[in-house]
Structure formats: C-alpha cells, structure tokens
2 protein chains.
Amino acid sequence: MKKEKVKIVIWGFGAMGSGMAKMILKKQGFDIVGICDLYDKIVGKSMFEVLNLENNQDHDVIISNDIDDILTNQKPDLVLLATDSFTKGAYPKIKKIIEHGVNVISTAEEMSYPLANQPELAKEMDELAKKNKVTVLGTGVNPGMMMDLLAVCMSGVMEEVDDMEISRINSLSPFGKTVMEEQGVGLSVEEFNDKLNKGQMAGHVGFKESVYMIAHALGLEIDHFEQSMKAIVTDINRKSPYGFAKKGDVCGVEMSAKAILNNGKVIHMYHPQQIEPEMVGVSTGDYIKIKGKPAINLANSPEVEGGIGTISICVNMIPQVLNAHPGLKTMIDLPVPRAIMGDVRKLIIKE
Amino acid sequence: MKKEKVKIVIWGFGAMGSGMAKMILKKQGFDIVGICDLYDKIVGKSMFEVLNLENNQDHDVIISNDIDDILTNQKPDLVLLATDSFTKGAYPKIKKIIEHGVNVISTAEEMSYPLANQPELAKEMDELAKKNKVTVLGTGVNPGMMMDLLAVCMSGVMEEVDDMEISRINSLSPFGKTVMEEQGVGLSVEEFNDKLNKGQMAGHVGFKESVYMIAHALGLEIDHFEQSMKAIVTDINRKSPYGFAKKGDVCGVEMSAKAILNNGKVIHMYHPQQIEPEMVGVSTGDYIKIKGKPAINLANSPEVEGGIGTISICVNMIPQVLNAHPGLKTMIDLPVPRAIMGDVRKLIIKE
C-alpha cells in the first residue's frame with residue numbers, strides 16, 4: 001500500500017477532464033495537484049469554482065495554462081490527458097509528460113491501441129517511457145472496453161473462436177453541442193454528404209484500434225480492414241437537450257467496419273449513434289456475438305453511456321498503470337479494469 | 001516469443017483433464033509431455049489411445065501414476081492440475097509441483113481465490129512459489145469468470161458501485177454421472193434433505209471465493225457472508241443423457257448467497273443448476289446486474305457451458321501464468337483472459 005496520496009494532474013478540462021476531477025474528488029486517497037487548460041475563461045480560476053463544488057482537499061487548485069510549471073512544481077504520480085482523439089495530436093503532450101518522469105493515461109481514441117494507426121509513434125513512446133521508467137496507457141469506454149476488451153475477455157472461455165459481430169447501439173442524447181456538431185446532428189443529408197466527401201466528418205474514431213487489439217490478443221494479425229460511414233436520416237422530428245433533427249435531416253451517424261484476420265475469420269463492427277433512438281423503437285445496448293465453441297451471445301442493455309464510461313475507466317485504471325512495468329501499455333497488457341470503491345492506495349502494490 | 005514449444009503436464013485425466021488435452025492438441029506451439037492419473041484402467045496406456053485420437057505430436061505420451069518421475073524427467077513449463085475442488089486437497093499436489101520449479105494452473109474451485117477459505121495455505125503457497133520462482137493460478141468458468149471476474153471487469157466503467165445481483169442459471173444436462181450424483185439429480189426430496197443435513201451435498205463450490213475476489217478487486221472487505229442450498233423439485237418427469245428425475249423428485253440444486261461489504265453494499269449470488277430447464281420454460285444464462293453509476297445489465301444467454309468453459313479458460317490462461325511474476329496469483333492479478341488462436345509461443349513475452 002502506498003502511504004502518500006496519489007497525486008493527479010488533469011490536462012484538458014472539458015467534459016471528460018472535469019468529469020474525472022469530480023469523480024476523483026469523491027474517492028479516497030487521491031490528491032488533485034494541478035489542472036491544465038488553455039481556455040482563457042477558466043485559466044486563473046479555482047478548479048472548485050469551475051466545478052461548482054466546495055473545496056474538500058487541503059489545498060486549492062488554480063487552473064493554469066503552463067503544463068511545464070505544473071509538472072515541475074507538483075511532481076504528480078500521473079497525468080490524465082483529455083485533449084485529443086488522435087495519437088499524432090496527443091504525442092507531443094505525452095512526450096513532455098514522460099520526460100518529466102510522470103505516468104500518463106490518455107483518452108485519445110487512437111491511443112487505446114496506437115500500433116494500429118501509428119506504429120512508429122507507438123514504438124517511440126514505448127522506448128521513451130521505458131527510458132524514463134513510466135507507464136503510458138490509452139483507454140476509454142470505446143475503444144478500450146465495450147467493443148474490444150470485453151470481446152477479448154469473453155473469448156477467454158472459448159476453445160475455438162470463429163467470426164465476431166460486435167455492436168454498440170447508443171444514444172447521442174446525453175452529449176453536448178460539440179458532439180452534436182461532430183456527429184452531424186441537424187444537418188441536411190446534402191450537407192452531411194458534402195462534409196463526408198470532404199473528409200470533414202470524424203464519426204467514431206477507434207474501429208481499427210479495436211480490431212487490432214482483439215486480433216493481437218488472440219495471437220493473430222489483420223489481413224484486411226475497411227470501414228464506412230453514413231448518415232442516419234430521421235423520418236420524425238427528434239429533439240435532445242443539445243440537438244435537433246427535423247424530419248428528413250440527419251440525426252446521427254452509422255458506422256460499420258469489417259476486418260479479416262490472417263486465419264480467415266471475420267470481425268464485423270457496427271456502431272450507429274443517434275439522438276433519441278427510443279423515439280423510433282431502437283433499443284440501445286452493447287452486443288457481442290462470437291461464433292465458436294462455445295458461442296458467446298452477450299448483451300448489456302441499455303449501453304454503457306460514453307461520457308461517464310470513459311471518465312470512469314480512465315480514473316479506475318490509475319492503480320493498474322501505477323503498478324505496471326514501464327512502457328507503452330494497452331488494456332490487454334494490464335489486469336482487468338475495476339471500480340475503485342475503497343482507498344485507492346490499497347490498490348497500489350508498487351512503491 | 002518463446003522458441004521451444006510450451007511443455008505441459010496434465011495431472012488428473014477425468015473430464016476436465018482429458019478435455020484440456022484434446023484442446024491443446026488442436027493448438028500450435030504446445031507439447032504435452034506427461035499425463036498423470038491414478039485410475040488403473042488407463043495407467044500405462046497411450047494418451048492418444050485413451051482420447052481416441054491420432055498421435056499428432058512427434059512422440060507418444062504414456063499415462064503414468066508417478067508424478068515425481070514425470071516432473072523430474074519431462075521438466076514441463078506448467079502443470080494443469082485437474083484433481084480437486086478444495087484447496088486442502090490440491091495443496092500437497094501444488095506444493096510438489098512448485099518444489100519441482102514448475103508453474104501450476106489448478107481447476108480446484110477454492111483455488112480461484114484461496115484467501116477466502118484458506119488464508120494460511122494461500123500465504124504458504126505464495127511464499128513457496130516466490131522462493132521457487134514459479135506462478136500458481138486457480139481458475140475455471142465459475143468461480144473464475146462468469147460470476148466474479150466478469151462483474152469486476154464491468155465495474156471498470158463505473159464511477160459508483162452499489163448492490164450487485166449475479167446469477168448463473170444453467171443446465172446440468174451436458175454433464176455425466178458424477179455430476180448427477182454430486183447434484184442430487186434423481187433423489188427423492190427426503191433423500192436429498194437427509195444428505196443435505198448430513199453435510200453430504202457439495203452443491204456449487206465457489207460463492208465465497210467469488211465474492212471475496214470481487215470485494216478485494218474493488219478495494220473492499222467482506223463483513224458478512226451466508227449461503228444456502230435447496231433442492232429443485234420437478235413437477236414433470238425430466239430426462240437428460242446421464243440423469244433422470246421423475247415428477248416430485250430432485251432435478252437439481254438451487255444455491256444462493258449474500259455478502260455484505262464493509263461499505264454496506266450487498267452482493268447477491270443466485271445459481272440454480274438442473275437438468276432440462278427448458279422443459280419448464282427456464283431460459284439459461286449468465287446475468288450480472290450492478291446498481292450504480294452507470295448501472296450494468298449484462299446477459300449472456302444461453303450460459304457458457306461449465307465443462308467447455310473451464311477447460312478453455314484453464315488452457316487459455318497458460319500464457320498469462322508463464323508471463324507473470326512468481327507467486328500465488330488470482331484472475332484479478334493477471335491480464336484479461338483471451339482465446340489462444342495463433343501459436344501460443346507468440347503470446348509468451350517472458351523467456
């Protein structure tokens with residue numbers, strides 16, 4: 001058991017970063033020692049003021065835009081990095097944290113399995129982390145858990161694994177303005193397709209990461225990977241707290257992917273995201289079907305909500321990262337995730 | 001990657017041990033170098049003859065009742081021990097294997113979390129394993145996965161965990177004569193209750209192990225634990241390949257348990273096992289409900305069959321055990337289970 005509190009810095013204080021702060025403040029054995037964000041409306045303010053919470057730590061935390069200052073003076077055990085979706089964008093930040101000798105958990109979707117899209121950066125991060133004796137992990141609810149790690153875990157009771165069909169059918173209604181824009185909610189079909197053709201629709205980032213994680217976990221390789229994106233068009237008006245799509249317009253994005261493994265087996269991924277799916281009788285959930293011996297037919301319904309799920313798994317993986325060997329890790333390298341319900345220090349076995 | 005094949009000895013060649021042999025013979029990178037069993041009808045025979053399979057290894061394996069001879073001469077990497085349900089019974093065998101400097105995976109239900117019922121033996125095994133630089137793991141489909149590790153894993157996306165309700169509703173029909181007797185299939189209610197009162201009904205072994213595993217994973221303790229067992233009485237005649245229960249007699253066993261955690265939250269366990277549940281409209285499956293934020297409502301239906309599930313997870317955990325630090329480990333200490341679909345040596349990172 002660790003004696004001192006686990007010192008955390010959060011870099012990126014949007015929906016994810018501030019959600020993690022709120023979660024950590026409810027847990028025992030943590031100490032938030034720094035918050036970094038560039039948004040000038042919050043820089044210089046107390047974290048507690050921005051969160052609208054009473055200060056329950058023994059010191060205040062003033063939000064700063066100077067990460068070097070925070071890392072040098074606060075010497076955290078770990079940085080929660082909630083700034084990017086792509087490894088390329090997260091990389092210089094991760095490099096800086098590593099070089100300060102600090103462990104990192106990144107929310108960047110591509111970082112959940114960086115070998116899939118950025119094998120060279122993955123190799124560099126791994127070497128740099130080992131040299132600086134720290135551990136780097138990317139995780140989230142998806143990629144990171146519901147469409148990959150959970151399928152890997154279920155395959156553990158299987159003698160033979162055949163084709164897989166992994167679906168995440170979720171609602172975008174709990175999300176804010178940014179997600180509505182990213183997912184094209186409210187656009188006309190023409191506007192959506194125009195953006196799609198110009199490569200301006202991000203959709204879900206992470207299919208490639210998920211299938212590479214699954215393949216490598218089973219000891220296989222990916223021979224072929226393809227994914228596609230299309231608008232979900234609503235035939236009724238739909239309204240969510242931050243989104244509106246009128247009849248005939250776009251209420252979300254349907255993504256699917258197909259990966260062929262080097263043993264000929266196929267992984268199908270299906271992930272439609274829309275506001276107010278219940279209005280049209282779509283029941284949301286996470287579904288994993290694996291053909292083989294025995295077959296797996298897993299459903300978690302309704303789905304694990306993306307925001308709270310990602311916030312939770314990033315915070316919950318802190319002990320596993322602190323206990324790990326140095327290097328770049330993924331969810332298949334570390335012990336299974338779990339909620340932290342007692343004092344986090346009881347879960348830290350490496351001093 | 002390991003260069004030599006992974007050398008396996010199987011101790012106990014009943015339904016579990018022989019099933020593991022069959023599974024391993026279909027995989028790449030393994031070499032079964034010894035089988036130990038005391039049953040004189042098979043001692044001295046070829047493993048392949050007993051399995052009714054062609055020899056696809058480059059050498060034969062003659063079943064022996066002399067484990068010391070096997071361990072001394074074959075120098076395996078790991079022993080799959082499929083002989084006992086209780087830690088006390090498995091302990092002397094595990095001790096012997098450890099002292100030969102060999103890793104162990106045990107199917108004994110209590111070994112899935114030996115701290116629950118045998119904390120002193122657990123400590124001894126841990127010390128002995130560390131001294132001899134080997135790893136010991138107990139696992140199986142239940143305990144080991146469907147009623148514990150999977151709940152732990154799902155809690156990883158949760159911010160707050162409240163009460164849990166974990167059910168495994170399964171069919172006994174695929175099982176053989178021994179299981180029918182153990183579970184009281186075909187007994188009159190009077191006979192069943194008489195055996196129950198005399199402490200002669202084993203029922204399911206593992207609830208205590210499962211709840212301790214869950215509690216410790218979350219950083220909590222168990223304040224109170226109780227379990228109960230009762231007959232499932234059929235109101236129609238039921239017949240399975242190896243079992244028969246006439247109307248009014250016992251067709252299986254219903255077990256339930258309740259554990260109160262030191263934060264006041266409760267884990268309910270429910271595990272009815274019977275032959276031909278479909279005849280009375282019982283749909284089988286593994287169910288995990290966790291109240292909290294977010295709530296989890298997981299179902300795998302039908303259930304992962306006990307025999308094939310245990311065989312698979314024991315074999316599939318071999319790489320994790322070979323990669324682990326020395327000591328007594330449980331499923332929450334090791335990376336998530338996964339099927340071995342490629343050459344097992346690719347999954348061995350520790351030489």
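How many residue pairs are in polar contact across the interface of chain A and chain B? The points below answer this and describe the surroundings of that interface.

1. This is a predicted model, in which local features need pLDDT of at least 70 and side-chain atom pairs count only at pLDDT 80 or more, while totals for chains, interfaces and linings use all residues; side-chain values use heavy atoms, with hydrogens and water left out. Residues are numbered from 1 along each chain as its sequence is written, and chains are lettered from A and ligands numbered from 1 in the order in which they are written.

2. Across the interface of chain A and chain B, 30 residue pairs are in polar contact, both residues being at pLDDT 80 or more. A polar contact is a pair of N or O atoms within 3.5 Å; within protein, one must be able to donate a hydrogen and the other to accept it, and residues adjacent in sequence count only if both atoms are side-chain atoms.

3. The elements of chain A that give two or more residues to the side touching chain B include α6 (149–155) and β13 (296–300). Helices (H or I, at least four residues) and strands (E, at least two) are DSSP runs, numbered from the N terminus. The largest share, six residues, comes from α6(A).

4. Six salt bridges are counted between chain A and chain B, a salt bridge being a side-chain nitrogen of Lys or Arg within 4 Å of a carboxyl oxygen of Asp or Glu. The side chains of A:Lys26 and B:Glu159 form a salt bridge, with 2.7 Å from N to O.

5. Together, chain A and chain B bury about 4500 Å², and 59% of this is on carbon and sulfur atoms. Of the area that chain A buries against chain B, 15% is supplied by A:Val157, A:Glu159 and A:Met341, more than by any other three residues. Buried area is the accessible area (1.4 Å probe) that two parts lose on being put together, summed over both.

6. Strand β13(A) is joined by three bridges to β13 (residues 296–300) of chain B, and the two run antiparallel. Strands pair if DSSP finds at least two bridges between them. A:Ala299 has B:Ala299 as its bridge partner in β13(B).

7. A cis peptide bond, with omega about 0 degrees, joins A:Asn142 and A:Pro143. A:Pro143 lies in the loop between β5 (135–138) and α6 of chain A. In chain B, a cis peptide bond likewise joins B:Asn142 and B:Pro143.
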